[in-house]
Amino acid sequence: MIRFILIQNRAGKTRLAKWYMQFDDDEKQKLIEEVHAVVTVRDAKHTNFVEVWDQLVSYALSVLFPQFRNFKIIYRRYAGLYFCICVDVTDNNLAYLEGIHNFVEVLNEYFHNVCELDLVFNFYKVYTVVDEMFLAGEIRETSQTKVLKQLLMLQSLE
Amino acid sequence: MALKIVKGSIDRMFDKNLQDLVRGIRNHKEDEAKYISTCIDEIKQELKQDNIAVKANAVCKLTYLQMLGYDVSWAAFNIVEVMSSSKFTYKRIGYLAASQCFHESTDVIMLTTNQIRKDLSSPNQYDTGVALTGLSCFVTPDLARDLANDIMTLVSHGDCVKRKRCSVLIMYKVFLKYPESLRPAFPRLKEKLEDPDPGVQSAAVNVICELARRNPKNYLSLAPLFFKLMTSSTNNWVLIKIIKLFGALTPLEPRLGKKLIEPLTNLIHSTSAMSLLYECVNTVIAGQYCSSVGSVVLCVQKLRILIEDSDQNLKYLGLLAMSKILKTHPKSVQSHKDLILQCLDDKDESIRLRALDLLYGMVSKKNLMEIVKKLMLHVDKAEGTTYRDELLTKIIDICSQSNYQYITNFEWSVSQPVTPHPPGISVSWWTIRVFAVAQMATLLDNAHLLTGSMQRNGICEVLYAAAWICGEFSEHLENPLQTLEAMLRPKVATLPGHIQAVYVQNAAKLFATVLKSQEGNTDSTTAQETSQLMIDRLPLFVQSANLEVQERASCILQLVKYIQKLQQKDVEVAEEVIALFAGELNPVAPKAQKKVPVPEGLDLDAWINEPPSESESEDEQPKAIFAKEEPKHSRPRHTEVDEKELARRREARKQEQANNPFYIKASPSSQKVYQDAPGVEHIPVVQIDLSVPLKVPGLPMSDQYVKLEEERRQKERAEKKKKEKKKRKEKRSGRGKKHDSGPESEEDITPAHMVDIVTEEMPENALPSDDDDKDPNDPHKILSLHFFGPFQVVVSVIFENKCDSFLKSMEFNVLDSLNSKLQRPEGSGPHDGLTVPFQLPPGVSNEARFVFTVQSIVMPQKLKGTLTFIVKDSSTHEKLDFKLHFTCTSYLITTPCYSDAFAKLLESGDLKGSSVRLEGVNMPFHHLLARICFHHHFSVVERIDSCASMYSRSIQGHHVCLLVKTSGQTVSIDAKCDEPTLLGNVLDEIKQTFSQC
């Protein structure tokens, strides 16, 4: 299951942080920094997975958060934004990679050619999109049309 | 008027909405923290307003700040207020803030119970939605207990499909926090697996898969239901989950595996989704012990497609799955060696590392040479030291796997410069010694290449072995004179002392061989030239600070001088010189010496000769500057030599003998097994006291074993009615037979050269044991401690001149601490430095020893010090600061202990316990033990599976006992010692060692 979802830009500014596990505030910041450090050093020739037993890249993570031995990070970069999902080590990498892409396509549709500023100024809407697609660390809805329909309904309530 | 003011202030408040805040932060990049603190002040004002819209806006801004890492926990109560707003827009903001900020220790959470209950049962599906999503993030055990029932109601009676799906998903979180709810809820959950709505169905699958991952046994009964779902569902996401669940169930129920093969292979053939394909392959692999060879072959084929793909992700996953197959079906993977070797060229390091792991498991006798050759190519072009180190380690691991079982061509392996060749192993290659000698001679000739990279771990250690091999088998050398010349080059003096010592000793052996050949030529001048060469070069070693080198060199120098005199009188000496080194070594098993029973009536501790009298030793004692520090010459001036003193000298001698490759050619780890007082009665080592260790006392013994062994084998053979040629003294026993059970059968392999793996000779009753811990030698330790007396410690410091100028007048000084003091000559003050007794030409290193008095050994010490020196050319004074680190470990002495003595020690109850856990130790258990042995001077008492007891003793006689257990990547060490402080520090140091790897 998903442990957290992060969207960060290259400079490490958080654009979204959804936690499905309970961490305290310090831990959350530490994790955000570590994930940023691990992910930004990788380039296009690298895989989209950071497994913690790859000690070379995420040694710090595994030391700070021993439970991370059972987790891995699956990420994808879109322009200047890194979309990272932290899941259990036994989870299917490719499925979550597709999950990220599906999520980005919904955002793109919802914000009409999404860019980083859309996410900044409408940060609470991004959380709504996440909540429509993921719930309690599981996939809630994969159909883009259903999610978009629901989002428009919610928007009409404002 | 008042109304107007209020209205104005509200307007002002509304001026700064979320957009303004975001813009403001972007405009105040320079002083962001300051800007935000003013914003937070404003937000605090806004939260005091009664207007819920203002409050919601404030909470929204706070949520944004929280995301940026600012503390907003002080606003928890306001968040609860906003959550309870009746307006959905505000409620949503409240729940969002709560799900981002609340955690179990947030105390206002208990105020929310009723609000959440109300929202869950609200007729408005959106209210229920936000309540459920919020709850999934901040659910606490209390909330779970109080709301479990409401959620169950939603699950079973929810009229809205969406609501139903959400509440099913959230059940898992509730179970986690309040496990008692699982039992009553389970029937309903099971019902949902057959819900007409695919969304609800998949939610139920998700929850059950997650539950089953923790405890698969309880969910075996659901297998038929899942099987039905698997064959009917078209949702890849659900399929992946179900297949993953089956992956966890098949090991518990082998029949499932058979049943699954067909639908799984169908999916593998039909699906276009890589994620699903990968999941299927993984599950087939998981149950492969019961699956057919055909399906494994299919998986390997599919994985090959993945690995060949240009997508890095697929490549990586392919390799990962491949390594799982390797464990059970190595042959089917081995045929794809070419592909995996290609992956070593990949740009992504993680792919290269996966490929390396795979190669390690794929090595067989047939392909070892090719694989290592490939890897060596990669070492040359590897970028980045970590990857390079990994490569080198892997090469060594690959070669040394299972006691070199895969190496059929030792000639080849000798020519690989990176493989470490401890002398013991080279001896076991005696059948190819001719070739080995030639290789080693070349190696010595090019030694400067290796010494250049001396810092590289252990590389120059190979010279130690090379020198020995060349000396011992000098008759096979093509050009012994050239090798002799190479061994006596001045550059040799930069090598570590123990290597120099071997050089000197073997130069003498070579000298004998050279003399013989030259005298045969009847040209006496060349022979005399050779002697002259020795006489010219040896003084360099006589000056060495290393006692061992010094002693051997002066001994040999005298010998050569004598020979020269004889030569000048035209006396033929070669035969006699050769006789000095007569006899040939046979391979001896590492443990053979230990197993030799002590002959009756032999008292090992008794002197063979009368102890040398004091005056005699006075004469021998060179007037060296270090004489005082060296245990050997450190005899106090009083005439009586007490028992303790004798014991200590014996100890020192044993240690020296252990370091001497000519003494008893036992094991590469002989340094570790020298005995100490406890358990002495268990160690039947024949110790023959030799003042000049030139002969090989072990030889007659090993001959005896050969005979014994052969007799026994002959008997065996007669029984088996096997007629075998018995030309060699070779045999496979115990360990040898094990090779047959390796993953690849041996019959189909013809070794490139007829070389047998010689199992080392063992006494008849010797049991084969597996704890061949490597003996990692680290010659580059700057600080090595030799214990001297109860409170005196001798520190050897190696000075290396790395600059281009000549250094002289070096003074070594240390700032004493209360506990540790540098011993200074009488009459000098407490802050005076000690003169280093040598000068350093550029690029030269030398070793000096300093004595420290240590009050207590239970605490580690760090001493600050300075080295002052004069640069000769510029005559300037220079200063170098350093720190000396006295670890507690350095006060421990490797001491063997036997299990019964160990048990008694633990029973005695005098020891206090302590323990430590190491997380994430990613190495085989025997490596772990070897590391503890090597770095912390412990010895293994007993090892059972993944559990081992270890023992060591401090120089003050503290017993330190360890119980090391490993499970997965966690290692727990329970320790006992009669000095708790010492124990604590030793454990800390062990922890340190493993945190560095």
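**View 1. Chain A, its burial and its order of elements.** Of the 158 residues that make up chain A, 63% count as buried, where buried means under 20% relative accessible area, exposed over 50% and partly exposed in between (1.4 Å probe, protein chains only). The model is predicted, so local features need pLDDT of at least 70 and side-chain atom pairs count only at pLDDT 80 or more, while totals for chains, interfaces and linings use all residues. Residues are numbered from 1 along each chain as its sequence is written, chains are lettered from A and ligands numbered from 1 in the order in which they are written, and side-chain values use heavy atoms, with hydrogens and water left out. Chain A holds six helices and seven strands, these being DSSP runs numbered from the N terminus (helices H or I, at least four residues; strands E, at least two). Read from the N terminus, the elements follow the order β-β-α-β-α-β-β-α-α-α-β-β-α.

**View 2. The interface of chain A and chain B.** Here 59 residues of chain A are in contact with 69 residues of chain B, contact meaning heavy atoms within 4.5 Å. The area buried between the two chains is about 5900 Å², of which carbon and sulfur atoms give 56%; buried area is the accessible area (1.4 Å probe) that two parts lose on being put together, summed over both. Gln22(A), Phe121(A) and Phe123(A) supply 12% of the area that chain A buries against chain B, more than any other three residues.

**View 3. A salt bridge between the chains.** The side chains of Glu141(A) and Arg165(B) form a salt bridge, with N and O 2.7 Å apart, under a rule that asks for a side-chain nitrogen of Lys or Arg within 4 Å of a carboxyl oxygen of Asp or Glu. Across the interface of chain A and chain B, that rule finds four salt bridges.

**View 4. Helix 8 of chain B.** This helix, residues 125–138, has 14 residues and reaches 20 Å from its first C-alpha to its last, close to the 20 Å expected at 1.5 Å a residue, the expected span being 1.5 Å times one less than the number of residues. Because 13 of its 14 residues are buried, helix 8 of chain B is largely enclosed by the rest of the structure.

**View 5. Val940(B) in strand 11 of chain B.** Val940(B) belongs to strand 11, residues 939–944, and counts as partly exposed because its relative accessibility is 26%.
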